[in-house]
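Thanks for asking me to look this one over. Here are a few notes to read alongside the model, in the order I would go through them.

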Amino acid sequence: MEVRAKKALGQHFLTDLSIAQRIADALLVKEGVTMPALEVGPGMGVLTQYLLKRPEVDLRMVEIDTESVNYLLVHFPQVQGKLLEADFLKLKLERFFPEEFCVIGNFPYNISSQIFFKVIESRDIVPECVGMIQREVAIRIAEPPGSREYGILSVLLQAWYDVEYLFTVSE
């Protein structure tokens, strides 16, 4: 069973396992606490497999692509009941997460900014967000005030979160 990346969904599948591990490790969970986390766009589960290995992470996933959902259910049977086939941008997050949860993912390029705006809307219950995004977007988000790249997304994210550019991934 193979999943084809769909340009219309902005899909870009992560294949480098060491990068997936680094992204999963970037999610900080307080010691002795189990934190719900929502993976946006798990695709074929490259990042998912590392998140599932973390006992302190109560992982749930949202995936819009039926092909990817079917793939995940076959290859990761433990996600049954934790995988929602839906559009993240249309979810009422508080319905699924009445308390704090983290957002993580290899975000689809064409909606990465909208994902961050949705996280900001739920900032009272989303203490942390870790995402792999286009380099240009990451630079813009992390730029300090007064920089040429500093914009509305930078302003809003930096007002509510400590923003950190972690690393660059080559093509």
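**Notes on the pocket and the helix packing**

1. Let me start with the lining of the largest pocket: helix H1 (17-26), helix H5 (112-121), strand S5 (129-132) and H6 each give at least two residues to it. Please keep in mind that this is a predicted model.

2. Which element supplies the largest share of that lining? The answer is H6, with five residues.

3. As for the space itself, the largest pocket holds about 1,200 Å³. Its lining counts 37 residues, and those nearest the centre are Gly 131, Met 132, Ile 133, Ala 138 and Phe 167.

4. The crossing in which H6 passes H7 is right-handed.

5. Which residues of H6 and H7 meet? On the H6 side they are Arg 140, Ile 141 and Ala 142, and on the H7 side Leu 153, Ser 154, Leu 157 and Gln 158. By class, this contact of H6 with H7 has four nonpolar, two polar and one charged residues.

6. H7 has a packing partner in H5 as well: the angle here is about 35°, and the axes lie 10 Å apart. H5 passes H7 in a left-handed crossing. H5 brings Ser 113, Phe 116, Phe 117 and Ile 120 to the contact, while H7 brings Ile 152, Leu 153, Leu 156, Leu 157 and Trp 160. Eight of the residues in the contact of H5 with H7 are nonpolar and one is polar, with no charged residue.

Methods: Residues numbered from 1 in each chain as written. Predicted model: local features only at pLDDT ≥ 70, side-chain atom pairs only at ≥ 80, totals over all residues. Heavy atoms only, no water. Left-handed = near helix turned anticlockwise from the far one by under 90°. Helix = DSSP H or I, 4+ residues; strand = E, 2+ residues; numbered from the N terminus. Contact = heavy atoms within 4.5 Å. Nonpolar A, V, L, I, M, F, W, Y, C, P; charged D, E, K, R; others polar. 1 Å grid on protein atoms, 1.4 Å probe; cavity = no way out; pocket = protein on both sides within 12 Å on 5 of 7 lines; lining within 4 Å. Points joined across faces, edges and corners; volume = space filled by probe spheres on them. Axes fitted to C-alpha atoms, helices over the stretch in contact; angles between N-to-C directions.
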